[in-house]
Amino acid sequence: MEHRKNAVTIKDIAQQLKMAPSTVSRALRGSRDINPATRLLVQQVAEELRYTPNPIALSLKEKRSKIIGVIVPEIANNFCAATIGGIEDYAYRKGYHVVIFQSHEEYEREVQNVRLLTLRRIDGLIISLANNTRQFGHLEGLPAPVVMFDRVHDGIAGPRVVVDDCAGAFNGVTHLLSQGCRNIAILSMAPWLSTSQKRLQGYRDALAAHGIPVNEDLIVQSCETEQAIQQLFDGTVRPDALFFSMERLALMSLRVLKRLGLRIPEDVAVAGFSDNPASDLFSPALTTIRQPTFEIGQRAAELLIDQIEGTAVGAETVQLSTILDIRSSSLKK
């Protein structure tokens with residue numbers, strides 16, 4: 001059969017079959033008011049002509065683009081990459097496409113990304129907030145539903161997917177305490193982030209549960225450089241353990257300890273939140289609090305698509321559990 005240079009339309013199929021375009025359209029959609037034999041014939045001819053639906057026309061007709069926008073701090077991050085994998089997995093099975101933007105931890109870029117995605121007529125948005133996002137007007141009154149994950153803002157109503165950050169930190173610090181550590185420093189990023197706040201609370205709760213007073217000098221927040229970590233060891237109370245609240249701080253910590261000639265775990269035990277699959281390949285292997293990253297993405301996509309398709313129950317919060325993987329970097333005993 002002769003191939004057409006231009007895209008095949010429903011009218012082309014209708015002309016070849018001498019049918020009304022509306023009949024062809026309903027047959028392609030699998031409408032039950034079309035005879036099964038006619039549906040099969042239309043589908044066969046459509047396949048022969050290599051007909052593909054026009055996504056723009058479909059979005060105008062159905063008032064849906066079948067596109068989901070995703071904004072993450074950075075794709076080159078094991079947590080974000082695995083979460084995106086979960087989002088795409090669920091969205092693809094539901095017939096949706098995913099467009100991914102990065103904020104690179106910048107508030108202004110996050111605002112611009114939201115605007116650009118809104119102009120693209122996305123059906124919904126999934127977002128994890130940037131490190132320095134402290135204003136949230138760009139996420140209010142959007143024409144499409146929003147689901148937040150990981151870093152969320154309680155002032156914005158709507159579904160979100162998080163892990164039990166407080167319990168994860170509590171378990172990690174409790175493990176360090178069981179190894180005889182008493183001067184445990186915690187390293188976290190911006191104090192206004194929801195994850196920073198909850199993980200710090202878990203740290204405080206673990207110390208309180210063991211009757212150990214909190215030394216504020218061992219709490220380092222907004223830790224952007226290795227110098228801030230090194231200053232911990234210049235103080236009057238030197239840490240015997242480092243608990244990091246995110247993967248980037250783990251790598252910084254390891255570099256600083258190596259530069260200072262400190263042995264892990266003999267001199268300083270190390271543990272914290274990380275989703276790096278190579279953690280067990282480090283020397284020594286790194287004790288981590290792992291998050292169900294792929295499931296986080298799947299659940300976020302599920303909550304969003306339920307909103308898009310009108311089957312959502314309400315502003316649901318999904319909270320998942322973390323897993324403590326104990327390895328040699330924290331084993332002093």
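**Note on helix packing and strand pairing**

1. M148 stands opposite R160 in strand β5. Strand β5 covers residues 160-163 and is joined to β4 by two bridges, the two strands running parallel; strands are DSSP runs of E of at least two residues, helices runs of H or I of at least four, both numbered from the N terminus. Two strands count as paired if DSSP finds at least two bridges between them.

2. The model is predicted: local features need pLDDT of at least 70, side-chain atom pairs count only at pLDDT 80 or more, and totals for chains, interfaces and linings use all residues. Residues are numbered from 1 along each chain as its sequence is written, and side-chain values use heavy atoms, with hydrogens and water left out.

3. On its other pairing, β4 (residues 146-149) meets strand β3 (residues 124-127) in the parallel sense, over three bridges. Here L125 stands opposite V146 of β4. V146 and M148 point one way from β4, V147 and F149 the other way, and all are buried (under 20% relative accessible area, with a 1.4 Å probe and protein chains only). In a regular strand, side chains alternate between the two faces of the sheet.

4. Helix α1 (residues 10-17) has D12, I13, A14 and L17 buried. These buried residues pack against α2 (21-28) and α3 (36-48). Just after α1, K18 adopts a positive phi of about 55 degrees.

5. The angle between α1 and α2 is about 110 degrees, and their axes lie 8 Å apart; axes are lines fitted to C-alpha atoms, for helices over the stretch in contact, with angles from 0 to 180 degrees between N-to-C directions. α1 is therefore roughly perpendicular to α2 (65 to 115 degrees). I10, K11, I13 and A14 of α1 make the contact with P21, V24, S25 and L28 of α2, contact meaning heavy atoms within 4.5 Å. Its residues divide into six nonpolar, one polar and one charged; Ala, Val, Leu, Ile, Met, Phe, Trp, Tyr, Cys and Pro count as nonpolar, Asp, Glu, Lys and Arg as charged, and the others, Gly among them, as polar.

6. Helices α5 (residues 78-93) and α11 (residues 293-308) pack at about 45 degrees, with axes 7 Å apart. Residues in the contact include F79, G85 and G86 of α5 and F294, G297 and A301 of α11. By class, this contact has nine nonpolar, six polar and three charged residues.

Key
Buried < 20%, exposed > 50% of the residue type's maximum accessible area, 1.4 Å probe, protein only. Parallel < 35°, antiparallel > 145°, perpendicular 65-115°, else oblique.
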